[in-house]
Amino acid sequence: MSQLRTIQDESLPHWMPRLARQGGPRFLQIADALQAAVTDGSLKPGDRLPPQRQLAARLDVDLTTITRAYDEARRRNLLEGRGARGTYVAAPKVELTAVLDLSMNTPPPPDGVDFDDMLKQGLSQVLMRADNELLMTYHLGGGSDADRQAGAKWLAPMFGHLDSGQLVVCPGAQAALAALILALTEPGDVILAEPTTYPGVRAAATQFGRRIVAVEADRHGMLPAMLEEACRLHKPGLVYLNPTLQNPTAITMPERRRKQLAGIAKRCNVRIVEDDPYWLLADAPPPPIASFAPEQVVYISTLSKCLTPGLRVAFVLLRDPQERERFLVALRSFALMAAPLSAALATQWIHDGSADGLLAGVRKEARLRHRMARDILAGRYSGRGDGLHVWLELPGYWNSAQLARAADSEGIAVTPAEAFATGNGSLNAVRISLGSIKDRGRLQAGLQRLSHLLARRPESFSAAVV
């Protein structure tokens with residue numbers, strides 16, 4: 001059913017939003033109704049919108065609601081003001097770039113959440129309760145007591161009650177990974193990882209003179225027997241694992257495999273770094289590996305993938321106090337502290353429940369986008385309906401680098417398997433990120449263009465492209 005209804009009195013506007021009691025903030029309902037009307041052609045560029053007071057009276061809402069709705073519609077480039085003449089539907093803006101970015105793994109805009117209002121309210125609370133001078137000065141690394149307590153609360157779904165003193169607050173997971181490599185390994189040490197894994201760990205290891213060695217994996221993740229053999233052969237400094245909605249394959253390692261790998265870490269006395277950014281986005285994930293071998297596993301959880309990258313806050317669970325101190329020394333050598341204002345905002349949101357609401361909105365939107373990808377990509381979609389990305393295995397007539405170049409020529413950015421390879425071999429696949437395009441309609445267009453591209457053969461492109 002259309003979100004708009006026609007009314008007969010010509011002295012009133014020719015459209016009127018339907019407002020639902022349980023439909024979320026009313027200003028967003030009005031803005032969404034405007035967007036739907038522009039999309040389906042009910043409103044066309046140049047159509048005059050009703051004056052704000054008139055619309056407020058007709059809908060029985062206050063003027064501020066209409067003002068916020070119109071502001072939101074302007075932010076979406078739907079409306080333009082013409083001074084005393086009123087507000088009009090805007091002409092479509094010409095895109096300066098046609099690239100549809102399916103390459104960056106970021107959370108999508110949260111469904112049903114007024115993020116702008118949440119940001120304003122959160123910062124207002126931080127500024128009201130905190131010493132502003134402390135928010136703008138240097139801090140010792142590791143986070144304040146309140147920040148670490150927020151981290152313990154954030155990790156409670158994974159571990160239950162935690163001693164917040166065992167947590168370190170970091171400026172993002174990449175900084176945490178780099179500091180762990182510096183603190184727990186020596187130059188020339190081997191770091192074991194799966195054959196296809198997060199490129200950031202390889203970049204940090206290479207930068208610091210460590211060597212990544214691939215350990216064979218199957219559809220459940222790293223093979224236990226192969227890990228044990230690699231531990232005997234290489235005497236690794238660390239094992240790197242991303243067991244939940246793995247980047248890039250989107251595999252979630254089952255509990256039995258996690259227990260097996262934890263047991264090997266104990267027997268071989270090797271440390272595991274468990275990078276777990278997607279656990280809270282997954283449907284009923286198994287307990288972290290760190291819960292099976294707490295003394296052997298360092299656990300990293302970042303807010304960048306499940307809330308917003310702008311916070312740049314990650315929590316590191318490191319139980320050994322001496323290793324925790326070495327980690328902090330390493331972290332201070334290149335990233336003195338998490339930005340106090342970001343950390344304070346994250347702490348405020350976690351304690352007042354806003355973070356849970358934002359997480360729920362991201363989860364809901366991510367699932368909507370997975371359903372879209374499943375429908376458009378048909379038999380090629382192999383995801384489970386959760387997380388931020390899809391690992392798309394390619395038909396035999398394409399290879400991943402070839403497809404990435406062809407997609408680029410069509411205005412679509414995807415990430416080929418080669419970007420994630422740690423071993424000699426690589427799967428013939430690309431990673432598609434579902435959150436990096438803010439507008440759902442543009443995401444749909446990008447997936448449709450990619451689906452059409454996959455149905456064609458490389459021979460249909462010029463040699464310059466392929």
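**Close-up views of a predicted model**

View 1. The side chain of Arg76 meets that of Asp32 in a salt bridge, with 2.8 Å from N to O. Side chains of opposite charge can pair when their charged atoms come close.

**View 2. Helix α1 and what covers it.** How far apart are the end C-alpha atoms of α1? They are 21 Å apart, which agrees with the 21 Å that 15 residues (26-40) should span at 1.5 Å a residue. Several residues of α1 are buried, among them Phe27, Leu28, Ile30 and Leu34. The cover over the buried residues includes α2 (52-59), α3 (63-75) and β1 (79-81). Just after the helix, Gly41 takes a positive phi of about 90°.

**View 3. Arg82 with Glu80.** Here the side chains of Arg82 and Glu80 meet in a salt bridge, 2.9 Å from N to O. Arg82 is partly exposed, at 28% relative accessible area, and Glu80 counts as partly exposed too, at 30%.

**View 4. A buried salt bridge.** Are Glu323 and Arg271 buried or exposed? Both are buried. Glu323 forms a salt bridge with Arg271, and their closest N and O atoms are 2.1 Å apart. This pair joins distant parts of the chain, with Glu323 in helix α12 (residues 321-332) and Arg271 in strand β10 (residues 271-275), 52 residues apart. Across the whole structure, a search finds 21 salt bridges.

**View 5. Val239 and its neighbours.** Val239 lies in strand β9, which runs over residues 238-241. Its relative accessible area is 0%, so Val239 is buried. Which residues does Val239 touch, leaving out those up to four places away in sequence? They are Leu192, Met222, Leu227, Val270, Arg271, Ile272 and Val273. One of these, Arg271, is the salt-bridge partner of Glu323 from the previous view. The C-alpha atoms of Val239 and Val297 are separated by 9.3 Å, with the two residues 58 apart along the chain.

Methods: Residues numbered from 1 in each chain as written. Predicted model: local features only at pLDDT ≥ 70, side-chain atom pairs only at ≥ 80, totals over all residues. Heavy atoms only, no water. Helix = DSSP H or I, 4+ residues; strand = E, 2+ residues; numbered from the N terminus. Buried < 20%, exposed > 50% of the residue type's maximum accessible area, 1.4 Å probe, protein only. Contact = heavy atoms within 4.5 Å. Expected span 1.5 Å × (residues − 1). Salt bridge = Lys/Arg side-chain N within 4 Å of Asp/Glu carboxyl O.
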